[in-house]
Amino acid sequence: MAVIQTEKRKGLTGSVRVPGDKSISHRAVMFGAIAKGTTRVEGFLPGADCLSTIECFRRMGVTIHTHSPTSLQVEGQGWDGLREPGSFLDVGNSGTTIRLMLGILTGRPFWSTVIGDESIARRPMDRVVKPLRQMGARVDGRRDGKFTPLGVRGGNLQGIRFESPVASAQVKSCLLLAGLQAAGTTTIAEPSLSRDHTERMLRAFGVELQREGYAVSVQGGQSLVAQEVRVPGDISSAAFIMAAALLVPDSKVTIRDVGLNPTRTGIIDALQAMGARLEVEEKGEWCGEPVGDITVRSSELQSTEIGGDLIPRLIDEIPILAVIASQAEGTTVIKDAAELKVKETNRIAVTAQELRKLGARVEETDDGLIIHGPSPLTGGECDSHGDHRIGMAMAIAGLIADRGCKVHRAEAIDVSFPGFEALLQQL
Ligand SMILES: O=C(O)C1=C[C@@H](OP(=O)(O)O)[C@@H](O)[C@H](O)C1
Ligand SMILES: C=C(OP(=O)(O)O)C(=O)O
C-alpha cells in the first residue's frame, strides 16, 4: 500500500500540464473501437481507469497499439468488429467504463460477463440496467442486476424515450450507445445538463444527434468514422493544482491546455464566486472541446453556496472544494449533491471524516456538506479509502497543515492522475 506525505509549503510557482481528460480518453478508445478505420489518440490519460477500458476492448478483439503511454492507435472495424470475449471484462474501479460499455454490449450479438473491483460492486448499475431492459436488453446480475458481476446477452434493441431522474453523463452516454444500435429513435431527457463529451465526440465521429433543451435523441443504425483525437488536460485534475495555488501563500501557477467544456467548468465559476484570483485564457478547440490556460494566484476567499445546476458541472471537484472552503471566511453550503454517495466511495461521508482528522470544521448533510472556515489545519494522517479524489484532496490539504498530511492507500491516485506527487514537487 502506497503512502504519500505532503508538507506545509510556501510560494508554489510554475507552468504545468495535467494528464489528459479521463472522460474524453475513455470515449476516444470506445468510439475508436466501434468506428471504421484507424483512430489516433494523442494526450490519452494512462490512468488505471482508462487502461481498464483499453483492456476490455482488447478482450473483444480490438487491436489497440500504444506508441507511448499517451499516444494510441485504435484499429476499429465497425460495430461488427467486436467479438465475444473469451473471459471476463474487468472494469476495475471505473464507473464510466462499465456504464458506457453496457450501452455497447447490449446491442452486440454475443454473451459477456462484466466485473469490477469492490467499489464498483457497491455502485448502482440499475440506473442503466432498467432503461436498457426497457429497450429490450437482457442483462442480469446480483440483486436483479443492480450490482456486478453482470451478465449480458446482447441482441435486438428498440428505441425508447427515457426521463432520467439524475443528471448523469454515464446514463446518457450508455443509452446513446445502445440507441445507435436500436431500431427507431432513442431520447434521453435529464433534469439538468450533464457533461456533453459524448455528444461532441459522437458528432466528430460522424453521428447525427438532435438536442432539445436537456433532451438528446439519436436515430439507430448509424456507424462511426475513425478520427484523430487530441485530448485536453483534465479540469478535474487541474482542480487540485488550482487549489494548491489558491491556498499556499505567495503562489502563482499556470496550468496549460486544460479542457474548458462549459459542462465541466463549474469549479471555475465556484472559485471566482469565492473571490479567487483566477484567470482563464481560452486558446481554441480540440475535436470540438474548448481548451485554454488557467492561472491561479494565492487568494483570500469567502464562503459560498453551491447547489442546483452547478452540481453536475463540478461533481467530481466537491472533495477538493471542501478543502478550499475550509480556508474561506464564513460558512460554505454544498447541497443537491446526493450523487456523491454513489461514487468510488460515499464522498459526502468520507470527505467530512477525513477533513475533520486534519482539524477542519465540516458537517455532513443528506445531500452535501456544511463547512465552517477559516480553520487552521493541524494535519496528521488520512486515508484515501481507495478513492483517488479523496487521496488527492487530503494531500493538497497537507500543503497548508502544520504537520503536513500522510495519505494512506495513495495508490488510488493513479486511477486519474498518474504523476500527481511528482507534479506537486515540481511546483
Ligand atoms: O461520463 C463521465 O465520463 C463521467 C460522468 C460523471 O458521473 P455520472 O454520470 O455518474 O454523473 C463523473 O462523476 C465521472 O467521473 C465521469
Ligand atoms: C466518479 C468518478 O469516476 P467513475 O464514475 O468513472 O468511476 C471520478 O472520476 O471521480
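1. Glu 285 is partly exposed, because 15 other C-beta atoms lie within 10 Å, a count between the limits of 12 or fewer for exposed and 20 or more for buried. The model is predicted, and the values in this note are computed from it.

2. Glu 285 sits in strand β17, which covers residues 277-286. Leaving aside residues up to four places away in sequence, Glu 285 touches Pro 290 and Val 291. Thr 198 is 87 residues from Glu 285 in sequence, and their C-alpha atoms are 16 Å apart in space.

3. Strand β17 also takes part in the packing of helix α9: the buried residues of α9 pack against β17, as well as against α8 (235-247), β19 (305-306) and α10 (318-325). Helix α9 spans residues 266-273, and its buried residues are Gly 266, Ile 267, Ile 268, Ala 270 and Leu 271. An α-helix has 3.6 residues a turn, so residues three or four places apart point the same way. Just after α9, Gly 275 has a positive phi of about 95°.

4. At the level of the whole protein chain, the secondary structure amounts to 13 helices and 24 strands. Of its 427 residues, 54% count as buried. Among contacts with a separation of 6 or more, 74% are between residues 24 or more positions apart.

5. On overall dimensions, the radius of gyration of the protein chain is 21 Å, which agrees with a compact globule, because a globule of 427 residues would have a value near 22 Å. Along the principal axes, the C-alpha atoms fill a box of roughly 60 × 45 × 40 Å.

Technical notes: Residues are numbered from 1 along each chain as its sequence is written. Chains are lettered from A and ligands numbered from 1 in the order in which they are written. This is a predicted model: local features need pLDDT of at least 70, side-chain atom pairs count only at pLDDT 80 or more; totals for chains, interfaces and linings use all residues. Helices (H or I, at least four residues) and strands (E, at least two) are DSSP runs, numbered from the N terminus. The radius of gyration is taken over C-alpha atoms; the globule rule is 2.2 Å times the number of residues to the power 0.38. Two residues are in contact if their C-beta atoms, placed from the backbone, lie within 7 Å.
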